[in-house]
Structure formats: C-alpha cells, structure tokens
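Please look at the model first.

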Amino acid sequence: MPKIVIALGGNALQSKDSKPTAEGQLEVVRQTCERLAEISAQGYEMSIVHGNGPQVGRILLASEAAKDLTPAMPFDVCGAMSQGYIGYHIQQALKYALSIRNKHCPVVTVATQMVVDRDDRAFENPAKPIGPFYTEEEAKKLEEENGYTMKEDAGRGWRRVVASPIPRKIVEIEAIKNLWKSTIVVSCGGGGIPVVENPDGTLEGVAAVIDKDHAAELLAEQVEADILMILTEVEKAAVNWGRPNQKNLDTMSLKEAAQYVEEGQFAPGSMLPKVEACMKFVRQNPQKKAIITSLDNALEALEGKTGTVITFA
C-alpha cells in the first residue's frame with residue numbers, strides 16, 4: 001500500500017467561521033477527519049502532521065494573562081500542550097470516521113520532540129506567525145507593551161512571529177516507525193517540540209515554533225513515504241497570486257519551483273515553506289512526488305485530478 005505523510009494546515013483545525021474554542025476546533029476536526037478517513041479507506045498507509053500556530057499562541061496568551069496567579073509556562077511546554085489537545089481531537093474524530101467505514105485501526109498521538117540547531121539563524125530573525133490576527137494598531141501596541149515581534153501575514157492581518165529553526169532530527173522516530181504498520185500516528189504536531197542537544201546528551205526545550213511543513217517533509221523522508229501531501233486553504237499553488245494574471249499551477253518540476261522561489265512568487269510564512277518542503281522531498285527522492293492542495297480536494301489530488309504536483313523533473 002502507498003505510504004503518505006499528510007500535513008494539515010490551520011484551516012483543517014479551525015475555520016474562519018468557528019469560535020476559537022476547544023469545542024469549535026473539535027467540530028472542524030470532525031469534518032477534517034471525514035476526509036482523512038476517505039483517504040485511509042482507499043488503501044493508503046498514512047501519518048498525520050498538524051500545525052499549531054493559533055493554538056500555541058492562545059495557550060501562551062492564557063498563560064501570560066494568568067501569570068499573577070500561576071507561573072507562566074515556557075514556550076516549549078505550550079507547544080507540548082498544543083500537541084496533546086489537538087492530537088486528542090484528531091484521535092477521537094478519526095477513530096469514529098474510520099469505524100463507520102468499517103475500518104478498525106488504532107489512532108495514536110506521539111508527543112514528538114524535534115532537535116534543532118541552537119545556532120540556527122532563525123533565532124536572530126523571528127518569522128513564524130503564531131496566535132490570532134490583529135490590526136496594525138493592535139500589533140504596534142503589543143510590540144510596545146509586551147516586546148513581541150509583529151509582522152503582517154500575507155495580507156490577512158498582523159500576527160506575532162517567533163523563531164522557526166530548521167528541524168534536524170525527530171527524537172521519537174523509531175517509535176513512530178514501529179507503530180506505522182498497525183497504527184495511524186499523529187506526530188510532529190506543530191512541527192514538533194523544539195529542543196537542542198546538550199554536550200552531555202540531554203535535551204533542552206527552546207522558544208520556537210518549527211514549521212510543520214518542514215517537519216512533515218523530514219518525517220516523510222525517514223518513514224520512506226511515497227507521497228508528501230501538504231493541505232492548505234487553496235486548491236493549487238499559484239504564481240502572481242491575487243493579480244489579474246494569476247496562474248494556478250498543475251505541476252512544478254524542481255527546476256521550475258526553484259525559479260518561482262527566486263522570483264519571490266510565494267509568500268514567506270504561507271506558501272513558501274510548503275513549496276520548499278516539497279522541493280526538498282523530491283530532491284531527496286527523485287522517483288517520488290509531493291502534492292499541495294486543499295483538504296476538500298485531497299482525494300481527487302491523489303487521483304491526479306487536481307492540486308499542484310511537485311516532481312523532480
């Protein structure tokens with residue numbers, strides 16, 4: 001059976017119309033898991049990676065708001081908390097969606113640590129959006145009052161940004177591999193809990209959010225997946241986005257993708273990391289492919305009917 005690693009974008013966990021609550025997220029996750037169950041029912045062995053930008057941002061805000069009552073949680077601990085409750089929602093909803101299709105397969109979440117380089121330049125230039133959107137006026141106020149770094153996010157508003165180092169090693173990879181054949185594993189949630197290795201071999205959490213697309217790519221490599229699928233809000237990647245001459249892309253070779261990246265066609269913090277992750281996957285696996293599409297079109301994209309397919313040549 002073909003092996004696939006699926007990276008879920010934020011819209012697969014929370015819609016623009018849903019309330020930013022645990023109950024609102026669970027309702028959206030149930031709909032998402034219907035789509036994932038359809039893919040599983042078609043015979044794909046899969047593992048799921050999800051983002052956590054809005055969730056970890058809210059956990060951090062809640063922790064900081066209550067600091068006079070209880071100590072604020074470190075950033076890496078907030079990331080671990082987001083893995084737990086998002087994974088719980090996916091486990092609950094996907095297990096049910098599979099069962100009504102008469103597929104009885106365990107679904108588990110692995111709290112996943114991701115080793116990063118403590119000297120990664122990303123720590124000098126925070127760029128990963130987390131938390132809710134703000135107006136420019138609200139963003140400037142947060143910068144002044146809390147010392148946050150705020151940036152405009154792809155025309156959608158302003159968000160807090162934190163360091164986003166490149167993932168180097170999945171600490172729990174052997175456990176994920178051992179579970180693969182019998183279990184759908186939710187792992188590397190939010191890109192993984194960022195940790196650095198100390199000289200004595202101990203691991204230490206750091207304040208960062210790893211891009212989930214790059215984490216999914218590393219996972220896809222290490223489990224020898226046949227397909228890396230990155231699900232986002234749009235059906236296809238595009239060049240000249242939002243302009244009259246916008247062109248949706250059915251396919252991209254590695255060479256074409258590199259040219260578009262050089263031209264600045266893909267927004268940092270939005271489509272760029274998705275394309276870069278796909279490029280890395282096919283560069284390391286020339287006979288395999290990566291797909292960028294929307295959740296609603298995932299199954300059709302696997303059938304070759306839509307989406308943007310990235311290949312080596």
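The face of helix 7 turned away from its buried side carries two exposed residues, Lys255 and Glu262. Buried means under 20% relative accessible area, exposed over 50%, partly exposed in between (1.4 Å probe, protein chains only). Helices (H or I, at least four residues) and strands (E, at least two) are DSSP runs, numbered from the N terminus.

This is a predicted model: local features need pLDDT of at least 70, side-chain atom pairs count only at pLDDT 80 or more, and totals for chains, interfaces and linings use all residues. Residues are numbered from 1 along each chain as its sequence is written, and side-chain values use heavy atoms, with hydrogens and water left out.

Helix 7 spans residues 254–262, and its buried residues are Leu254, Ala257 and Tyr260. They cover an arc of only 125° around the axis (directions from the helix axis to the C-beta atoms), which puts them on the same side of helix 7. Just after helix 7, Gly264 takes a positive phi of about 75°.

The structure holds 16 salt bridges. Each is a side-chain nitrogen of Lys or Arg within 4 Å of a carboxyl oxygen of Asp or Glu.

| Pair | Closest N and O atoms |
|---|---|
| Arg101 and Glu34 | 2.8 Å |
| Lys274 and Asp213 | 3.6 Å |
| Asp250 and Lys236 | 2.4 Å |

Lys274 is buried at 9% relative accessibility. Asp213 is buried too, at 1%. Asp250 counts as partly exposed, at 45%. Salt bridges also link Asp153, Arg156, Arg159 and Glu233 in a network.
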